Amino acid sequence: MGLLTHLVTLPLAPVRGAAWVVERVVDAAENEYYDPGPVERELAELERRLLSGEIDEDTFDRREDELLDRLDEIRAHAQGIDS
């Protein structure tokens with residue numbers, strides 16, 4: 001870009017800066033949303049609660065299905081498959 005282009009588009013700099021910040025926030029949110037770690041930890045905690053008798057089989061099965069579906073969604077996203 002030349003000097004003239006920089007001068008003409010200077011008033012748009014705050015907009016470009018804000019757009020850049022929004023992109024970074026979206027990227028960070030997506031990375032957190034698609035992180036399998038918390039889901040895997042929750043599965044382990046769910047199994048611990050079942051084995052200790054805190055929850056019954058039905059509750060375990062229902063929540064386990066939800067968590068496994070979430071893991072499938074995360075893995076599909078990681079492979080670039082839109083679910």
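**View 1. Helix α3 in the predicted model covers residues 36-52.** Its 17 residues should span 24 Å at 1.5 Å a residue. The end C-alpha atoms lie 24 Å apart, so the two values agree. Five names make up the buried set of α3: G37, V39, L43, L46 and L50. These buried residues pack against α4, residues 57-78.

**View 2. The two ends of α3 show D35 and G37 at the start and G53 just after the helix.** At the start, a side-chain oxygen of D35 comes to within 3.1 Å of the backbone nitrogen of G37. G37 is also one of the buried residues of α3. Just past the helix, G53 has a positive phi of about 85°.

**View 3. Helix α4 has 22 residues.** At 1.5 Å a residue, α4 should span 32 Å. Its end C-alpha atoms are 31 Å apart, which agrees. The buried residues here are F60, L67, R70, L71, I74 and A76. Their cover includes α2 and α3. After α4 comes G80, with a positive phi near 85°.

**View 4. The largest nonpolar core holds nine residues.** They are V39, L43, L46, L50, I55, F60, L67, L71 and I74. Helices α3 and α4 are the elements that give two or more residues to this core. Beyond its neighbours within four places in sequence, L71 contacts P36, V39, E40 and L43. Of these, V39 and L43 belong to the core as well.

**View 5. R70 of helix α4 sits over the face of Y33.** Its distance from the ring centre is 3.8 Å. R70 has 15% relative accessibility, so it counts as buried; the cut-off for buried is under 20%. Setting aside neighbours within four places in sequence, R70 touches Y33, Y34 and V39. V39 is a buried residue of α3 and part of the largest nonpolar core.

**View 6. Y33 and Y34 form an edge-to-face ring pair.** The count of aromatic pairs comes to one. The ring centres of Y33 and Y34 are 4.9 Å apart and the planes meet at 85°, so the pair is edge-to-face; planes over 60 degrees apart fall in that class. Y33 has a relative accessible area of 42% and is partly exposed. Y34, at 24%, is also partly exposed. Both tyrosines are in contact with R70.

**View 7. D27 lies in helix α2, residues 13-33.** Its relative accessibility is 35%, so D27 counts as partly exposed. Along the sequence, D27 and L68 are 41 residues apart. In space, their C-alpha atoms are 24 Å apart.

**View 8. E57 is a residue of helix α4.** With a relative accessible area of 49%, E57 is partly exposed; exposed would need over 50%. E57 and V26 are 31 residues apart along the chain. Their C-alpha atoms are separated by 38 Å.

Technical notes: Residues are numbered from 1 along each chain as its sequence is written. This is a predicted model: local features need pLDDT of at least 70, side-chain atom pairs count only at pLDDT 80 or more; totals for chains, interfaces and linings use all residues. Side-chain values use heavy atoms; hydrogens and water are left out. Helices (H or I, at least four residues) and strands (E, at least two) are DSSP runs, numbered from the N terminus. The expected span of a helix is 1.5 Å times one less than its number of residues. Buried means under 20% relative accessible area, exposed over 50%, partly exposed in between (1.4 Å probe, protein chains only). Contact means heavy atoms within 4.5 Å. A polar contact is a pair of N or O atoms within 3.5 Å; within protein, one must be able to donate a hydrogen and the other to accept it, and residues adjacent in sequence count only if both atoms are side-chain atoms. A nonpolar core is a set of buried Ala, Val, Leu, Ile, Met, Phe, Trp, Tyr and Cys residues joined through side-chain atoms within 4.5 Å. Rings of Phe, Tyr and Trp (its six-membered ring) pair if their centres lie within 6.5 Å; planes under 30 degrees apart count as stacked, over 60 as edge-to-face and the rest as tilted. A charge sits over a ring if NZ of Lys or CZ of Arg is within 6 Å of the ring centre and within 35 degrees of the ring normal.
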